Amino acid sequence: MSAQSDRIVPKSCFDCVQSIESVYTGGCVAISQDEQRIFTTCNEDIAVLDMASGQKLADLKGDTELITTFAVKPDASHLVSASRSMQLAVWDLRTFKIERTFKARDSHILAMDIDATSTLVATGLADGTVNVWDIDRGYCTHNFKGHGAMITSVRFHPSTENLCLVSASGDGDIRVWDLKQRKCTSVLKSHVSAVRAIDFDETSQVMVTAGRDSVINVWNWTRKSLIRTIPVYESIEAAGVLRIDAAAVFNSQKGRVVYSGGEKGIVRLWDLDSGEELFTQTKDRNAKHAFVDVMYLPQSGKLCAVTNDQNLLFYGVDAQLKRVRQIVGYNEEIIDLAYIGNEHKHLAVATNTEQLRIYNTDNLNCELAYGHKDIILTLDVHSSGAIVATGSKDNTVCIWAVNMKAPVNHRVTCVAVAVGHTKAVGAVALAQGSDALFMVTGSEDRTVKVWDLEPLRAIFEDPSHAATLVGDAEPIRLHTRYTFQAHDKDINSVRIAPGNKIFVTGSQDRTAKVWDVETGQPLGTLQGHRRGVWNVAISPADRVAATASSDRMIKLWSLSDFECLKTFEGHTSSVLCIEFVAGGLQLLSTGSDGLIKLWNIKDGECVLTLDKHEGKIWTLAKQQSEEFMATGGTDSVIHIWKDTTQEEVDRMHQEEARTLEQQQALDNYLLVKDYRNAVSLALSLDQPHRLRIIFQDVMMAAENRHGAESDDTPRADDAILGNAAIDKVVGTLSPEQLDRLLGYVRSWNTNGRFARVAQATLYCVLTQYSSETILALPSAKELIAALQPYSERHFSRLDGLLTGSFIVDYTLHAMDAVGSLDADRTDMDESY
């Protein structure tokens, strides 16, 4: 290795510090009235997000059935949810736990609203029934019937004095229910299809309804009559009335403006009094989404639009409805990712969609860049951090200029397109630095193309002005320097070596090949894998390359003689991605087994394994500083890992210093025979060997002392463990310490040499703790199961020794009798 790499500290520890996961999978979305929290449907659960940071605060775990709808109390204290199990659940939003549940009739709940007093919740059912429930007491107060189709929307009148409820059904009928009189007071017929939105103006005297019949109806609430119909020529999923101060921005005559959103995927504004269209958003290029809901946030002056592709878009009302934020709810599979930007706080992510996603890791705001027409399979980032290349299943490559400090609609700009491959582009690599401007791509058509990027020199030199340089013009069409067939099967990976002189390709044909950039001629073939090569990496310090394969192995190759230098084995399934780190001293790998492994190049040892993903890990990206890395795969989660090697080293040094201090304190306690503190400290240090030695020494000293005393002399103590202070310490242990001590006893008890101290300690515990206390220990069942058979074995052994002692005693007595007879005979012989 080079001298420079000798100064680099190898890594040994990574901690997951952040996860970007799915927060919305389609369905209901709600925002608290104080605009502090967002509530989204996430599979069978409800996710609670912080509005400011976008971080998930909690999951409200459902009953394994799909959530159909939910609503939040205006005071933001509780949330009421309904699922396909036809149960209503009331959640306490302080503890995020269910407070109560109750049965919601015999049909699915499709619509829900809570009144202004946070007391009542109205539910609209699939059988056309409308129910009103007392939330805190959990019983049904009203049961209204009259609709001939399923309920599509319910809304309480905002006035607390006028207890009225408005409901709408799939046949277009709107009914007004008086809760005091418990009957329907009006039936409004004008819509001819499902009504999806009901709202009131600030005076509460005008009601606005909109639906899938492509019209907005304005009603006089007092007379229950139709004022006007506004044709919008699109199926409407959401509509509402803006506040007067916000509406003034759009030059409304009386300051009353209605917003609408639907199948076109744009927000449109209408003058409530004249019916004229005041403003229409411009849809992002190639965007295909539609809106399923639009919510007005009056405090912050924003509109939150929910799309059918599970995204939340925030538009500033005062900013002419320009997008100010975006939260991506669902990522599908993470196929590739890379850090971008000067500060490397953003991640460029390719998922199973045609959009390039740029995540801000600070607040999880996400920019979507539209340009491809099919799924993006691969991406690469220029060394400047501001240029990204993406390859797609639409057979093209797009070059993007990224400036996250620019206005929202100009942050990601497609500046060039490379068209030429006849099949999906699965590998792309940009030359690093500004001296050589070219790009290498590999495709399922088995060819490699080298593209000339000189027409983009001005953009590479100043990416921040890319939007100005390109303007409204079409992206530049790139041209190739040369094309050749490189492999016999799909090309999965391309890497350009430092210096931009050679590049390496990896393919499903089980080989990797080294090529000359200037001529496109092959320099060597790396053969040895038994299955396809998924990924290649080139060391930043040496002429060494690494390949990852489906044969579960990583191979290290010399780029001088193209020989295999080393093979790393450890993954239990295909190795999918590899990266050199620590200046080429180490290698990171990810695999289909869901593991991330860190390898030492020198000895081939795996020094760290990380297990957090729940599926294949397709990709791994690192910052240039290598402080953070990110991984993503089939579980749709991006995990961000921090290199905590130095923190771990510092922690270990502190731990060693603290242990030495405690060890010295333990020695001091033993020196002055302070057994009470010695035993407590040995337990806290988790030193079973030292504790056993203390018990044995004290018991032996007590026996020697008692043996030296006369039988008539009274003993100083009858301590079980030889010292009353030790017995007292054992009798005053915390549950955690007691559990640990019994664990030591279990280990001692398995060895006959230590059985005596083990049984003495166990006897000391059993005489000072109740059976209930011992059974309440976390490991009680396992401890008893392990102590019993060995204790029985020791008892049997002692019983055998005791029986043997009787035989010895009998023999000695018999020998004494024989000795006395011999003595008598001798005396008799002498007398004669």
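1. Does E655 count as buried, partly exposed or exposed, and what is its relative accessibility? The model is a predicted one, and in it E655 counts as partly exposed, with a relative accessibility of 33%. The side chain of E655 meets that of R658 in a salt bridge, with 2.2 Å from N to O. R658 is likewise given as partly exposed, at a relative accessible area of 39%. Because the two residues are three positions apart in helix 4, about one helical turn separates R658 from E655.

2. The helix that carries this pair, helix 4, runs over residues 645–671 and has 27 residues. From its first C-alpha to its last it reaches 39 Å, which is close to the 39 Å expected at 1.5 Å a residue. Its buried residues are T645, Q663 and L666. After the helix comes K673, which has a positive phi, near 60°.

3. The residues buried in helix 9 are A755, V757, A758, A760, T761, L762, C764 and V765.

4. Turning to the strands, I would look at the open sheet of four strands whose order is 26-27-28-29 and whose pairing is antiparallel. Strand 26 (291–297) and strand 29 (322–328) are the edge strands, each of them pairing on one side only. From one strand to the next, the twist averages 20°. Six bridges join strand 26 to strand 27 (residues 302–307) in the antiparallel sense, and C304 in strand 27 is the bridge partner of M295.

5. Within that sheet, V324 is worth a separate look. It lies in strand 29 and is partly exposed, having a relative accessible area of 35%. Apart from neighbours within four places in sequence, V324 is in contact with K302, F314, Y315, G316, N365 and V408. V324 and P407 are 83 residues apart in sequence, while their C-alpha atoms are 9.0 Å apart in space.

6. A search of the whole structure finds 29 salt bridges. One that links distant parts of the chain is between R212 and E237, whose closest N and O atoms are 2.9 Å apart; R212 sits in the loop between strand 19 (206–211) and strand 20 (215–220), E237 belongs to strand 22 (residues 236–241), and 25 residues separate them. R212 is partly exposed, with a relative accessible area of 41%, whereas E237 counts as buried at 14% relative accessibility. The cut-off behind that label is that buried means under 20% relative accessible area.

7. What is the distance between the closest N and O atoms in the salt bridge of K288 with E354? In this pair those atoms are 3.8 Å apart. K288 counts as exposed, at 59% relative accessibility, while E354 counts as buried, at 17%.

8. For the chain as a whole, the model contains eleven helices and 57 strands. The C-alpha trace spans about 155 × 85 × 45 Å along its principal axes. The radius of gyration of the protein chain is 39 Å, whereas a compact globule of 832 residues would have one near 28 Å. Of the 832 residues, 53% are buried. Among contacts with a separation of 6 or more, 46% are accounted for by residues 24 or more positions apart.

Note on methods. Residues are numbered from 1 along each chain as its sequence is written. This is a predicted model: local features need pLDDT of at least 70, side-chain atom pairs count only at pLDDT 80 or more; totals for chains, interfaces and linings use all residues. Side-chain values use heavy atoms; hydrogens and water are left out. The expected span of a helix is 1.5 Å times one less than its number of residues. Buried means under 20% relative accessible area, exposed over 50%, partly exposed in between (1.4 Å probe, protein chains only). Two strands pair if DSSP finds at least two bridges between them. Axes are lines fitted to C-alpha atoms, for helices over the stretch in contact, and angles run from 0 to 180 degrees between N-to-C directions. A salt bridge is a side-chain nitrogen of Lys or Arg within 4 Å of a carboxyl oxygen of Asp or Glu. The radius of gyration is taken over C-alpha atoms; the globule rule is 2.2 Å times the number of residues to the power 0.38. Contact means heavy atoms within 4.5 Å.
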